[in-house]
Amino acid sequence: MPPFETLDLDDLHGDLTRVAGMIADRIAHIADAPVVHPASHDAIVAAIPGDLPVEGIGVDAALQEVADHVAPFATRIGHPRFLAWITTSPAPAGTIGDVLCTGLNQAPLSFKGGPAATVLEEIVLGWFHRLLGFPEGAGGTIVSGGTMANLMGLTVARHAHFPEVGTRGLCALDKTPVLYVSDQGHMSIERSAALLGLGSENVRAIPSDAACSIIPEALRERIRADRAAGFAPFCVVGQAGTVTAGAVDPLDALADICADEGLWLHVDAAYGGAALLTQHGRSLLHGIERADSVCVDPHKWFFIPLECGCTLFRDRTVQTDTFKAKAAYLGQESPHDLKNTTFILSRANRALKVWFAFRTYGTAKLARIIERNMAQARLFHDLCTESPEWQVLAPVALSIACARFVPSAMAGAPHWDEAATDRLQVALLQRLEQSGEGFLTPALVRGRAGVRLCVANHRTTDDDIRMLFDLMSRFGRELAALGPEGLHT
């Protein structure tokens, strides 16, 4: 008989201590290397061992391979000049919470699969209910991120208006459902419509104004036109922090329209929801408390490590009506079973890292950092406004600033048309990334390309903002001096 084997390690305590040291060392030196490693995909493929191992090499050797061939190529998302997307610098306390989550390895699909995990999720969701101003009886679920959170909200919205679809399918409907979002909406809305069988073509993109916020009257007119054409409007998606410019829709006005028309109001606050911790944010997002569902991402501006998103529901009943399902193999039902709050069955205890980070830092400290991030976006906006070399593309609502380097302002510079100037913005950002000093993304605002600076980083200083502005201005001048033709080479 072969010896009885398990997967236990001989020195788990020592192995975990070594891992903790690797993580702590990386965080301590997060700004000591390029934000994005310049290696190509082929170079990384060649570096990381990829053969399926028949016999293992042991934990010490495997950890050394991570240190030598994986960690060096990992993007430094916590770097103070990582100001791209809305994937933030994770708070170290959240990282500890994530490690604890993995170590405890709970399965809170049912109460018995994770009693403490279930209560932690109820606590964390309750915190967000109070932040939003939702009443008693509110519901919610913690998922992987904003895309899944938006899908959850729209799934419940569809069930609330067309419950027969859950049993009979879309063929039960005699009218085509349509939903509405501004032309600045996140791509997850169209993806959700496709997954729900509604069709991305039945997502109406409503025009936005100069501030990139939805125009309420245009929305109202389109709803009436769709009804007259035989469609079935059922949902409006309001934006609380658009992905490009960080704009916030007039949520109170959208709530009025939804009340008048009998529509579900879902608010995508994946990014902007954290601003509710601040006085300015509460004023800007006024009306969000009237939504039927809201998407908020703790792994964005609440500084929680990936992955963590939330969908919050004003009425828990309609949520559980949508997802409630029984399975004998799961054992006795409990009213606290989280499997009835989402269609996801196996789920991690993501609430633990939110709870741990919030308990560690407190919301007052988070609010101060969020306020500082908003001020830093305004600083970049002001620097661009004061410079003849830059053109501001949108106002700053939260902590995103979009601007455009304009070489035509340079004396003696070759003529640059709009298309060539658009290409210059991309080249400028590539030059910045290659320098290793920062990482930003491009923006397309009103058909014009620019650079997009998203400050959702607890390590970013005002000096970082000024340094990036000066560096990008220098790169812009150097590229502009090449002329539109030289840019290609």
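The model is predicted, so local features need pLDDT of at least 70 and side-chain atom pairs count only at pLDDT 80 or more, while totals for chains, interfaces and linings use all residues. Residues are numbered from 1 along each chain as its sequence is written, and side-chain values use heavy atoms, with hydrogens and water left out.

Start with helix H4, residues 92–104. Helices (H or I, at least four residues) and strands (E, at least two) are DSSP runs, numbered from the N terminus. The expected span of a helix is 1.5 Å times one less than its number of residues. For the 13 residues of H4 that gives 18 Å, and the end C-alpha atoms are 18 Å apart, which agrees.

Some of H4 is buried (under 20% relative accessible area; exposed is over 50%, partly exposed in between; 1.4 Å probe, protein chains only). The buried residues are Ala93, Gly94, Thr95, Gly97 and Cys101. Their cover includes helix H1 (12–28) and helix H13 (351–361). After H4 comes Asn105. Its phi is positive, near 50°.

Now turn to the charged side chains. The structure holds 25 salt bridges. Each is a side-chain nitrogen of Lys or Arg within 4 Å of a carboxyl oxygen of Asp or Glu.

One of them pairs Asp260 with Arg220, with the closest N and O atoms 3.4 Å apart. Asp260 lies in helix H10 (residues 251–261) and Arg220 in helix H9 (residues 216–228), so the pair ties together parts that are 40 residues apart in sequence. Asp260 counts as exposed because its relative accessibility is 57%. Arg220 is buried, at 13%.

Arg350 forms a salt bridge with Glu307, and the closest N and O atoms are 3.3 Å apart. Both ends sit in loops. Arg350 is in the loop between helix H12 (316–323) and H13. Glu307 is in the loop between strand S6 (293–296) and strand S7 (309–313). The two residues are 43 residues apart. Arg350 is buried, at 16% relative accessible area. Glu307 is partly exposed, at 41%.

Glu418 is partly exposed, at 43%. Arg448 is partly exposed too, at 27%. Salt bridges with shared partners join Arg404, Glu418, Asp422 and Arg448 into one network.

Key: Contact = heavy atoms within 4.5 Å.
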